[in-house]
Amino acid sequence: MFISISTTGTAESPATDLGFLLHKHPDKVQRFGTSHGEAHVFYPEAGDELCTAALLLDVDPIALVRRGRGKGRGGSPDFALAQYVNDRPYAASSLLAVALRTVFRSAMKGVCEGRPGLAEQARPLRITLPAVPANGAGEDGGAAMVRRLFEPLGWQVEATAIPLDEAFPEWGRSRYVRIELTAETLRLSDALQQLYVLLPVLDGAKHYWVAPDEVDKLLAAGQGWLADHPEQALIARRYLSRRWTLTRRAMERLELARLAEADDREVEEIDNAVDDTAEAEADDVGQPVPAAAAEAAAAGAATADAAEPEAAAENREEKKVRLAEQRRAAILDALREVGAARVADLGCGQGELIGALLKDPRFTEVLGVDVSARALSAAARRLRLERMSERQAARVELVQGALTYTDARLKGFDAAVLSEVIEHVDLPRLPALEYAVLGVARPAAVVVTTPNVEYNVRWESLPAGHVRHADHRFEWDRAQFRAWAERVAAAYGYTVVLRPVGPEDPEVGAPTQLALFRIGTPPEPTTAATATMTTAALTTATTTPEGGETR
């Protein structure tokens, strides 16, 4: 099993810098032990203008069978001889990928202590692999697959199919190809990471059991290139040996990384819909009370518990539950009022509303959308999707997506729900959400709920001046919400009515406010760009009557 890596250079920047990058001296032949044989590193040529490093992996097939008990690539329960007579010592596979990581670990990480900054420099590279299995398995294998995997990464690919026997051309081609990859400028660490992932993908199998931690390995090695690769689904599926649960997990995390990069935010900022520590104290469905509020409540817990009867404390907790239930009931009433059968729950969180929708047979199709992979996993567990009957499971689908981007999957629904969602969107991004939902998806009805900031003074555990959740970008009073709803309805050709949700206080109103949009006259043609012109108006609308911002 053989691979060579070549680069060119000049007297000022000699090609022998490859030795510094690989941490292997060009004048030495070095041997390294691996779990499946010995790896040898040597330099067939080393000069200022051209330098080539070679890795030869001498696999012990008998030791491999004994350690793996015949499992993995090449093992066959029906043909015991296949455990000993196979292509493992010759064809580049996951064995070579593991050897690359073992022998060139520092180079893969982009570490070069001897020459600081050298690893960050892109340089011309040529990589040669004499024999690589390129199994199609119904996925267009051979040289075509090599090009599909490497050309989007900027490589010039020469892939030549190897005949079964040159003396008998009528026998046709084998499943092996000779590969030569050329890049005008590329960092060596990036090239090695790509090879580490794509060699097992070409083979379509691994010599070891694929455990859940393989997802982490895939995403770590694919950082910076896999999320944008047009064949990322194929890569994830084949790298993870078609283990569908792991593949789905990898795709969710890749999509989350892509959405975070598009919004110029950290993954943790948008994958924060599940709080493991304070779910029981949530006011909003699936949204915990802010940490400051929890601390304030805890500080007074001792005196409050001593002075207040137990029944009163229970009633206070039940009030929070009732508000969540009343919010869902109000949403369901609005959906029934408009006669919706196909409903999209946008920002579905952990699926509480979806569960209520599935209990009513009039809702024949329910789509749950959330940017958070953790929230979608929690929703799947809550709904017990894996245990649902086939008929019931056909009614519901959970997908990952960002509501600030247009999405063809959201079109064609009778109604969309934004329950406690808009206040989690930065104000400059809110027009993009309006355009994506009401301007492009255009369901016949849209139900929006959001906190009424005026009611916050009635929450004993909420310190003055705080919003209900640490992630809320703003909270509106009734006048501000009405102004926003009427403006959006007029802009996109909807009519709107507003309703209170929860116990209504004569001074500050209800804790939650609901807007029901119904489609009316189509609006004038608009674009996301024109929609963003309303940002200044929204910013003005978020100021409190006293002039301070609620954010």
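Q: What is the strand order in the open sheet with mixed pairing?
A: That open sheet has seven strands in the order S10-S9-S8-S11-S12-S14-S13, with mixed pairing. Strands here are DSSP E runs of at least two residues and helices are H or I runs of at least four, both numbered from the N terminus. Two strands pair if DSSP finds at least two bridges between them.

Q: Which strands stand at the edges?
A: Strand S10 (396–400) and S13 do. Each has a single partner strand, so one side of each is left without a neighbour in the sheet. The twist averages 15° from one strand to the next. Axes are lines fitted to C-alpha atoms, for helices over the stretch in contact, and angles run from 0 to 180 degrees between N-to-C directions.

Q: Before more detail, what are the ground rules?
A: This is a predicted model, where local features need pLDDT of at least 70, side-chain atom pairs count only at pLDDT 80 or more, and totals for chains, interfaces and linings use all residues. Residues are numbered from 1 along each chain as its sequence is written, and side-chain values use heavy atoms, with hydrogens and water left out.

Q: Back to S13. How many bridges pair it with S14?
A: Eight bridges, in the antiparallel sense, with S14 covering residues 512–519.

Q: Is H17 mostly covered or mostly open?
A: Mostly covered: 10 of its 12 residues are buried, where buried means under 20% relative accessible area, exposed over 50% and partly exposed in between (1.4 Å probe, protein chains only). The buried set includes Leu430, Glu434, Tyr435 and Ala441.

Q: What about the length of H17, residues 430–441?
A: At 1.5 Å a residue, H17 should span 16 Å, and its end C-alpha atoms are 15 Å apart, which agrees. The expected span is 1.5 Å times one less than the number of residues. After H17 comes Arg442, whose phi is positive, near 50°.

Q: Where is Arg499, and what does it touch?
A: Arg499 is in strand S13 (residues 494–501). At 29% relative accessibility, Arg499 counts as partly exposed. Leaving aside neighbours within four places in sequence, its contacts are Ala334, Glu337, Thr512, Gln513, Leu514 and Leu516. The C-alpha atoms of Arg499 and Ala515 are separated by 6.4 Å, with the two residues 16 apart along the chain.

Q: Switching topic. What is the strand order in the antiparallel sheet?
A: The order is S2-S3-S4-S1-S5-S7-S6, an open sheet of seven strands. The edge strands are strand S2 (30–34) and strand S6 (156–163), each pairing on one side only. Neighbouring strands are turned by 15° against each other on average, direction ignored.

Q: Which residues in the largest nonpolar core touch the most other members?
A: Leu55, Phe150, Trp155 and Val197, out of 73 residues. The largest share of this core, 10 residues, comes from helix H6 (residues 188–203). Another core lies apart from it, with 33 residues, among them Leu418 and Trp484. A nonpolar core is a set of buried Ala, Val, Leu, Ile, Met, Phe, Trp, Tyr and Cys residues joined through side-chain atoms within 4.5 Å.

Q: How many disulfides are there?
A: Zero, from a search of the whole structure, a disulfide being a pair of cysteine sulfur atoms within 2.5 Å. Cys51 counts as buried at 0% relative accessibility, and Cys112 is buried at 9%.

Conventions. Contact means heavy atoms within 4.5 Å.
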